[in-house]
Amino acid sequence: MEIVKGEEIVKIGIIGGGASGIIAAIAAAEAGGDVTILEKNDRIGKKLLATGNGKCNFSNLELSSACYHSDTPECIDPVLRQFTISDTLAFFHRIGLMTKEKNGGLYPACEQAAAVLDVLRFWLEHKKVQIKTNCQVIGITYARNMFCVNAKVQDEECSYRFDRIILSCGSKAGIKKDADENGQKLAGLFNLKQTPFVPALVQMRCQETYFKALAGVRCQAEVTLLAKGMKHCERGELQLTDYGISGIPVFQLSRHGAKMLQNHNIDTLPVFLDFLPEFSDQQWKKMLLERRQNLGFETMERFFTGTVHKKIAGVILKLSGIPSSVKAGDLETDQLLSAGKLLKELRVTVTGVNPFWQAQVCAGGVRLSELTTSLEAKRQKGLYVTGELLDVDGRCGGYNLQWAWTTGMVAGRAAARGSN
């Protein structure tokens, strides 16, 4: 059954052809809307191709609002409940995508992100969604119950008229050039309150010069961020670079670090690295003393062999002022324990996070409190917001794409059907 406005089909304009914009277009078209996507790039879904290292971890079975961050966290669950993980799987199976699961993460069976984009593109075509590429939206006005969208298509100005608008412009994350803030600007035209963007799921830069000696090391570790009375811990594979720290646990913490640096106007943050998280402090102390008893004849250069990476051991010895040639049995107990403590609690000084173009997502955006549970602006009937443009960012593991699917589906359906 077609959804009509008077005697005409409802015309819906979607600004942005990323993950949330694509699924919003499908949802609106399936609900009877006449849908047009306005995309600034030469094709839709470009960022989707890079997700999951090209394999596209598109969702996660362990989905809950606890996997997301926001300045209004209480608003997340009412949105997530409207399009669940089961709904997502059913949708992708319906449009032709076979899927597989790895440790809770969901992937296309062929492990190609291009396959996810292709089935979405094919369905857009099937549903007769119009797509205008190389179309940079420069302004939106609202009058007489219509939205007028002004845009530039290859330097030529044009305009479109829609009954409803969905802002799916995304963020600056992952964009190397021309990383404007168009989505924020367009949302600002309608006075929607926003939280400033910061890079999230990104590497952290550190002050210490010894990281050049640690570059390339990967190891299991616990990473703890402390600042302003707040403590955040993550465990997983830590990657050490010539400029600082990377890897999943660092990515999970980066949004907290970036926000602390921005909101508290501070230049540095303390982060603690535990290279032996499987042992308590007491267990490690006991092991160190037993190790010296058994290996007292070895030099300190060899003493930590089999416990931590050789490069890490070398840096710890230098920081402790212990010559690598001294025998473990000749070392003072206090010196040994001091070096051992650094392996459990190495303090590094974070000076910032890597820039937006290296981030997987952004933290910040339009506050959910500005919108209804259908993602319609409370102060502008007919205007909807989805995906990365919202002040919600998820953990690694497919959660951010699930947020795109959910918000796109919720907004697309609501836009086509209209407000209650």
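This note concerns the second largest pocket of a predicted model and the helix that gives most to its lining.

1. Residues are numbered from 1 along each chain as its sequence is written. In this predicted model, local features need pLDDT of at least 70 and side-chain atom pairs count only at pLDDT 80 or more, while totals for chains, interfaces and linings use all residues, and side-chain values rest on heavy atoms, with hydrogens and water left out.

2. The second largest pocket holds about 370 Å³ of space. A pocket here is an open set of points on a 1 Å grid over the protein atoms alone where a 1.4 Å probe fits, with protein on both sides within 12 Å along at least five of seven lines, and lining residues have an atom within 4 Å of a point; the volume is the space filled by probe spheres set on the points.

3. Of the 18 lining residues, Asp274, Asp281, Lys341, Lys344 and Glu345 are the closest to the centre of this pocket. Helix 8 (281–295) supplies the largest share of the lining, with five residues.

4. Helix 8, a DSSP run (H or I, at least four residues), has 15 residues and reaches 21 Å from its first C-alpha to its last, close to the 21 Å expected at 1.5 Å a residue, where the expected span is 1.5 Å times one less than the number of residues.

5. Trp284, Leu288 and Arg292 are the buried residues of helix 8 (under 20% relative accessible area, 1.4 Å probe, protein chains only). They lie on the same side of helix 8 because they cover an arc of only 75 degrees around the axis, taken from the directions from the helix axis to the C-beta atoms.

Terms used
Helices (H or I, at least four residues) and strands (E, at least two) are DSSP runs, numbered from the N terminus. Buried means under 20% relative accessible area, exposed over 50%, partly exposed in between (1.4 Å probe, protein chains only).
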